[in-house]
Structure formats: structure tokens, C-alpha cells
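Subject: Structure handover

Hello,

Here is the structure for you to look over. My notes on it follow below.

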Amino acid sequence: MLHLEKTKRKRFCLRFFDSYYIGVVYGPDIQSALNGLHDYKGKQDQYSVVKGIFSWPYAAVQLIVRADSGIDSIEDLKGKKIAIGAPGSTGATFVWPYVLPEFGITEENSEWQYLDQTAASEALGDGAIDVVTALSSARVGAIETLSLSRDIKMLDIPDPQREQAIEKSVGLVKAEQNPQLYGKHQKNEAPIQTIGHSATFVVHEDVPEDVVYNITKTLFDNLEDFHKSHASAKDITLEKAYTWGKTGEVPYENMEILAQYGLLGMTIDEEDGGQGNSLFEAILVIEEISKVYPHTADMFQVGNFGAIKQVSTYGSKELKERVLPPILAGKKLISIGMSEPNAGSATTDLQTTARIEGDKVILNGSKIFNTHGPLNSFYVVWVRFGKGVKSTGAILVDRDAPGFSRGKLERHMSGEEHCTLHFDNCIVPIEFYEKDWTEEPWIRGGYAAHFPPGIIISFGEWLHQPIGPIHWASTETADEWKFYMEGAIQSGERAAKEVLNIFT
């Protein structure tokens, strides 16, 4: 595969190392690298080992304005506030610096703003900017969310200016956008003439020809299956996704699609029925799902993070065989019971207790804000087995356990359901204990919060770059397994090597 390294301008440069030989890259990137343009200026010789095998249309530009803005053509953008993409993005680097000047729109006579799609869409809705740009042939989640409250329309990029921009740029082609991409909320009647770019399958020159041939043949022999995988979402409508998000209803049909394609259990070991991928890979997937259907992304989270990881990592063989399969199949949900009325999420202050009596554990206490609480089938409940923080542990409780009940249904502002959990001499058979992290001398039960979508992709590598003599080591700065103990260990080893390298 290709190793991607960000430069100071946040553009992705291709770099082949000993173990990286095959990859897929944006057309503008590979053409710029091979021709020594932009961030690759003067570096084309080092990319002479890269060979392009085939390309295909990948994405098309979207120029989105509010339908009531009075902006009817790209020429009307002169003097307007234009969001051209995040700093270093493909749009901000390869597209708009070539396209907009062909229509007389420059940074001198207009205000170009370097915003990502989420920030730009929110600003368009508030009237703070006049146009949002996106590079996608599919719906963009942030724009789709905007369209729920504001009618939108897409602007044409007509010829001959389009042809002139393509001739002056690299990797751009003519493209067309769907006039009803965003359904009834999009006020376009005819297909939109626009610009797109390709993706290119590339290999290192040392890859044997028979390997390249077999990979290429496999891809083209299975095109129908690839098309079907995308077509599986054809019946999921914007209105349905909006309803799911507001009512808290679980999108089980989407969960079954996630399960069908192995996306539930991505982070679970293969011997437990999962895919054995890293948390970082799962985070990339959840970001992509969130762009379109945030509530379905929440279900993806249930099948990969938190409670299910605790069970798969520390549960007995019998417990995992009983609990994991229905979750990985998209049939049941699981959550963590941690927050308490008088303790919040501080595991050092828990008041819910557990005591062992023979072959059973007896629980007493309550939990609040339990996500999907009324709908979950399993709960990983954090408790205290005695006095002091060293007595903290966790118990898996089934929804029908004797002495266990749920309080009234409540909703977060997002519409997501939660409730209070009550344990009144709740009886649980002894099957599983979780490792007591409060006994670890360097963390004492501490935990970290996940970043919002987009942070890791945009700023990931900057989180652990040294500042002068200061080197960062914490689970948040890990390259993999962020926010978990494994990430803390990995980041500590990396920081130690950085320091050692200074003295060697």
C-alpha cells in the first residue's frame, strides 16, 4: 500500500518505503507528483518509481448556494464569501485556484475562506458565507443536514471557462452532477455541468507484472459486486434518516447492512467473530458514515467501541459466545453503565456496589444517562466490590436479570434515548470480571474522550510532534488505539524512541 505523509501545507505526498508498493491516490496528486508541481515541485525524480495502472471518475465538484440567495451563476460569486475547502485540501489546492479565476473571481475581489464542509455548511445556513464547495459525487452529510432547514441549489461550471480551467490544471476532467442529488430540497431542474477528478491505481515499479495483472483482473471481474455494495443504500432516504435521529428509533435495517459487510466488529478479534482491524481504521469508517447518517454511525460505534470491546477483551469464552454474535449481526445492542447521580463518570467515586455470594454477584445502586438504555440487551455495569478505588470492577448484566429495572424513557437533545438503570439486589451469575484499571499506577482509572469527527484526519500527526525539547506521550497522541491503554503504551514507546534518537 502507499504510505501518506502530510507536509506543512497538509497536502498528502506519496512516499514509497520498503513495505509499501500498491495504492490508490487522487488523480491531481499523482499527476502533480510525476510532474513536479505544487508541493511536489522539484521532487518528480523520487516519484519516477510510481506507475499508474488505471484511473476512474471519482468525484465531481458541488457549488452549493441557498436557493433564496439571488445567486444564479458562478459569475455572481464575484465579491462574495466563498468557502473553498479546508487548508491543503484537494479543492483548495487543485480545483478553485484554477476554476474561479476563469470567471474573473480572485482572492482580491472576493473573500476566499478555508473552511471544512461542516463549518462551511453551518456558516451558509447562518448567512455568514455565500457558497459552499464540495468534492463528491454523492450526498455530503453536512450539506444534506443544511437542506433540511434551507432549500439549496447547485451552480453550473459552464464551458468554455471549464475547458480552460481543465487545460491549465492537472488531473481534472469534465463531470456532471445530479439535479436531484439532495431530493426535493435541491432546486435544480437540469443536470449540472461541473468539474471532477479521477482516482488512480498505482504501484511501485518493483511489483511483478503478474501481481499487477491479477489484482487488476480481480477488481474488474468483481465490478458488479462493488456496484451492489453501494446500491444497498438505495432505499435509505433522507427523511427516514432524519426521523431515526429525532425519535431515537434504532435503524436495525442499516445495522444489518453494516453487519453484512463486516463493519460491525471491525475492531473485534477474528477468533471472536470480528475483522481484527485497528481502532484507527474504524474511526475512519465512522467519520464517513457520519457524513451521511449520524444515527447509523452511532450504531457502528456500538458494534466496535466501548462495551463490546470490554466484553471481547476480558470476557470468558462462554460469555463471548453468548453475547457477541447477536451484536455483530446487528440484532442486539450493548452499552456501558458508568455515570451515577452522585459520581458522574468518575470511577473513583462509584456508589453502585457488588458482592459475591457463592456463584452469584449481587448488585445494588443506579446508573444514569445510559445510552439506548431502554433498547439494550446487555449492560457492562461499573461497580465497587468493597471500599476504596482498588475495589472497582465491571459486571455484565442481561436486561432480564432478576432485580434489574429501567427508569422512564428520556431523550437527549439529539433525540437519542436514554434512561436510568436500577439494581435492587440484582442477581448476576459469575461469568466475567473486567481488569481493574484503578490498580494501574500510571492511570488510576483515568479515561479519555474521543475527538469529534474530522480531527484525527485533519490534525492527527500534529498531536504528537515534539515542540522544542518537549515530547508528548499519552493515549490521545497514539498512532493507533487512541484513548485505550494500548495507545498509552504505544505513545510512550514512540516518545522514548524520539528522545533516545537525539542522543544516538
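Start with S169: at a relative accessible area of 10%, this residue is buried (buried means under 20% relative accessible area, exposed over 50%, partly exposed in between, with a 1.4 Å probe and protein chains only). S169 sits in the loop between α5 and β9. Helices (H or I, at least four residues) and strands (E, at least two) are DSSP runs, numbered from the N terminus.

The S169 side chain makes two kinds of neighbour worth checking. A polar atom of that side chain lies 3.1 Å from the backbone oxygen of A165. The side chain of S169 also reaches the backbone oxygen of I166, at 3.2 Å. Polar contacts here are pairs of N or O atoms within 3.5 Å; within protein, one must be able to donate a hydrogen and the other to accept it, and residues adjacent in sequence count only if both atoms are side-chain atoms. Not counting residues up to four places away in sequence, S169 touches F94 and Y98 (contact means heavy atoms within 4.5 Å).

Ground rules and confidence

This is a predicted model, where local features need pLDDT of at least 70 and side-chain atom pairs count only at pLDDT 80 or more, while totals for chains, interfaces and linings use all residues. Residues are numbered from 1 along each chain as its sequence is written, and side-chain values use heavy atoms, with hydrogens and water left out.

pLDDT is the predictor's confidence in each residue, from 0 to 100. The protein chain averages 81, and 84% of the residues score at least 70. Confidence is lowest in strand β1 (residues 3–6), at a mean of 33. It is highest in strand β8 (residues 152–154), at 95. Over residues 1–19 pLDDT stays under 50. For that stretch the model has 64 contacts beyond four places in sequence.

N188

N188 is in the loop between β9 (172–177) and β10 (192–204). Its relative accessibility is 12%, so N188 counts as buried. A polar atom of the N188 side chain lies 2.8 Å from the backbone nitrogen of M154. N188 touches K153, M154, P179 and Q180, leaving out residues up to four places away in sequence. I152 is 36 residues from N188 along the chain, yet their C-alpha atoms are separated by 8.6 Å.

Nonpolar cores

A nonpolar core is a set of buried Ala, Val, Leu, Ile, Met, Phe, Trp, Tyr and Cys residues joined through side-chain atoms within 4.5 Å. The largest has 23 residues. Which of them touch the most other members? They are I74, L77, W96, V99 and I157. β4 (50–66), α2 (90–99) and α5 (161–168) each supply at least two residues of this core. α2 gives the most, with four. V99 is in contact with I74, I157, A165 and I195, leaving aside its neighbours within four places in sequence. Apart from this core lies another, of 22 residues, among them V302, L319, W382 and A394.

Helix α3

Helix α3 covers residues 117–126, and its buried residues are A120, S121, A123, L124 and G125. The cover over them includes β4, β5 (81–83), β7 (131–135) and α4 (141–147). At the start of α3, a side-chain oxygen of D116 comes to within 3.3 Å of the backbone nitrogen of T118. G127 follows α3, with a positive phi near 85°.

Aromatic pairs

The structure holds two aromatic pairs. Rings of Phe, Tyr and Trp (its six-membered ring) pair if their centres lie within 6.5 Å; planes under 30 degrees apart count as stacked, over 60 as edge-to-face and the rest as tilted. Y379 and F404 are edge-to-face, 5.1 Å centre to centre with 75° between the planes. Y379 lies in strand β14 (residues 378–384) and F404 in strand β16 (residues 404–406), so this pair ties together parts 25 residues apart in sequence. F404 and F423 are stacked, at 5.0 Å centre to centre and 10° between the planes. F423 belongs to strand β18 (residues 417–429), so its pair with F404 in β16 ties together parts 19 residues apart in sequence. Ring pairs link Y379, F404 and F423 into a cluster. Y379 is buried. F404 is buried at 9% relative accessibility, and F423 at 4%.

Cysteines

The count of disulfides is zero, taking a disulfide as a pair of cysteine sulfur atoms within 2.5 Å. C419 is buried, with a relative accessible area of 1%. C426 is buried too, at 0% relative accessibility.

Best regards
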